[in-house]
Amino acid sequence: MTSYAFRLAIQSILHEKWINLLSMITIAVCFLIMAITALSVYNIDLATKTLPEKFSMMIYLKDNLSSEDSKNIINIVKKDTAIETVRFIPKDEAMKELKSFLKNTEYVLEGLDENPLPDSIEIKLKKEAVGPDSVKKLSERLKEIKGVSEVEYVEKFLSSLYSVKVGFKTLGMIFIIIISVGIIFVCYSTVKILFYRRNKEIETYKLLGATKGFIRAPFIIEGSVIGFSGGLLSLIGIVSLYYTIILRLSLTIPLFKSIIFPAHIALFLPLAGVTLGITGAAIAIGRLKY
Amino acid sequence: MIQFQSVSKHYDTHTALRNITFSVDKGEMLFVTGPSGSGKTTLLKLIYVAEKHDEGTISIAGWELDKLKESSIPLIRRNIGFVFQDFRLLNNRNVFENVALALRIRGVGEKELKTHVFDSLKTVNLRHKSDSYPDELSGGEQQRVAIARAIVTEPTVILADEPTGNIDPDLSAGIIRLFKDINTKGATILIATHNRELFRNSGKRVLKLDNGNLVGDEKG
């Protein structure tokens, strides 16, 4: 029965080639838009994931603290579970770093009799602790330590970056769901048209004692082939797009170099096509009655 | 084989069959006749469960139709061969495939299928037309293909609804002869027709319907 169902499905696809081709192209375009969205979300997500490794906070200590007091503060900071590494920067070392940073504009520091920089502690956080809320809470905890004058970090950048990440993810998901529904609808419409065109044939099947499975199978196969082909076309499209446009652009625009193509996700496209195609076809056939 | 006990079928505006009682023995061949609208087609539809009766009981080859689940309908239809006035052949498939369809539905393997299809086409004398498409055949030939499809599964019951309605009157006798030959091999055959010439002097039983009532049950 299965081989016969496949034969009927392939015959029907070839017989109704234009309507099927149009559906495949429509699905491919939908999948391509979906893939570009997923690629953007994936890269934004990847970029924000590398942030914790680079993110640091500075704790400035009050003037005139004894080395014993500084050690105490370092010990308290080290005990905080959110903190990965702690580096004490004495005011003299801070001045050296500033001078090396200023290089040719070092003259701005001329005339200073005293080193105005305070002792400071640079801390790096554990990956899971880098987030707008957790960093804010940590900053408040650190400020309460006796001897700490100020805690600095790029608060606005951090919160906006996370908002962008969450926003993109949410919008991406909504967009992907909408496009998935669109693909199901395309498969549904195609199979529905084919189903109506073969209505007389289906009635004959029923009279000859065909089971619902026998009647449904060719349409389900047809839906899955249309979905698979659409997914495969979009896979070819997204790979071509990446290698011809993005890789070429990255030669002149360095930002494009950081765009990563997730091959394992792209391979998912034909599989998603099969799933959505089967769903659309199953809805189109609906409940068969004898 | 077939039993109708006080069967009635109502539609919104009229009653198609009223209190019908009859039974058909295994291997019997009979005609159901009456004018247009007398209920012949409805009676056949009740047998192959295209319609459900409203009153009474129907039993086909041991199946009680009152207690029949929807999933069992294909099984009961596999015991029945159909021949319709409009042939109901698939124009996009050749004669062989049209006849083979009934076997494919039953999951018969290719080798066995070929033997049965060619045997069946031989019975209706159309073995040489197996590669032709229905629209390349005459009305009589198309009806013989439909008969070949009906008998290829060796059903216990064959139903024919106006089988000569769309063919040349000269060929009608040949079609009926064919049914008689098939009947001699043991199939129970019910032929619905309004053409009296088909059963006159046939020696077969004739059920007469008029306005949904069974008004006669006699030898033709």
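In the predicted model, the largest nonpolar core comprises 57 residues, and V117(B), I147(B) and F179(B) have the most contacts inside it. Helix 3 of chain B, spanning residues 95–105, gives the most to this core, contributing eight residues. Around I147(B), when residues up to four places away in sequence are not counted, the contacts are V83(B), V124(B), I175(B), L178(B), F179(B) and I182(B).

Chain B contains an open sheet of six strands in the order 6-7-8-3-9-10, with mixed pairing. Its edges are formed by strand 6 (80–84) and strand 10 (213–219) of chain B, each of which pairs on one side only. From one strand to the next, the twist of this sheet averages 15°. Within the sheet, strand 3 (residues 29–33) and strand 9 (residues 205–210) of chain B are parallel and are joined by four bridges; F31(B) has V206(B), in strand 9 of chain B, as its bridge partner. Helix 5 of chain B, residues 139–151, packs on the sheet and touches strand 6 and strand 7 (157–161) of chain B. The direction of helix 5 makes about 170° with that of strand 6 of chain B.

Strand 1 (residues 2–10) and strand 2 (residues 15–24) of chain B pair in the antiparallel sense through six bridges. These two strands of chain B form a hairpin, with four residues between them. Across the pair, F4(B) stands opposite F22(B) of strand 2 of chain B.

In chain A, the domain assignment gives domain 1 as 2–50 + 160–287 and domain 2 as 56–152. The centres of domain 1 and domain 2 of chain A, taken over C-alpha atoms, are separated by 53 Å. An open sheet of four strands in chain A has the order 2-3-1-4 and antiparallel pairing. Strand 2 (83–89) and strand 4 (148–152) of chain A stand at the edges with a single partner strand each, so one side of each is left without a neighbour in the sheet. The twist from one strand to the next averages 20°. Strand 1 (residues 56–61) and strand 3 (residues 120–125) of chain A run antiparallel and are joined by five bridges; within this pair, Y60(A) is partnered by S120(A) of strand 3 of chain A. Helix 4 of chain A, residues 67–79, lies across strand 1, strand 2, strand 3 and strand 4 of chain A. Helix 4 runs at about 165° to strand 2 of chain A.

The contact between the two chains takes 18 residues from chain A and 19 residues from chain B. Together, chain A and chain B bury about 1800 Å² between them, of which 59% is on carbon and sulfur atoms. On the chain A side, L207(A), L208(A) and Y290(A) supply 41% of the area that chain A buries against chain B, more than any other three residues.

How values were computed:
Residues are numbered from 1 along each chain as its sequence is written. Chains are lettered from A and ligands numbered from 1 in the order in which they are written. This is a predicted model: local features need pLDDT of at least 70, side-chain atom pairs count only at pLDDT 80 or more; totals for chains, interfaces and linings use all residues. Side-chain values use heavy atoms; hydrogens and water are left out. Two strands pair if DSSP finds at least two bridges between them. Axes are lines fitted to C-alpha atoms, for helices over the stretch in contact, and angles run from 0 to 180 degrees between N-to-C directions. Contact means heavy atoms within 4.5 Å. Domain bounds come from an automatic or database domain assignment. A nonpolar core is a set of buried Ala, Val, Leu, Ile, Met, Phe, Trp, Tyr and Cys residues joined through side-chain atoms within 4.5 Å. Buried means under 20% relative accessible area, exposed over 50%, partly exposed in between (1.4 Å probe, protein chains only). Buried area is the accessible area (1.4 Å probe) that two parts lose on being put together, summed over both.
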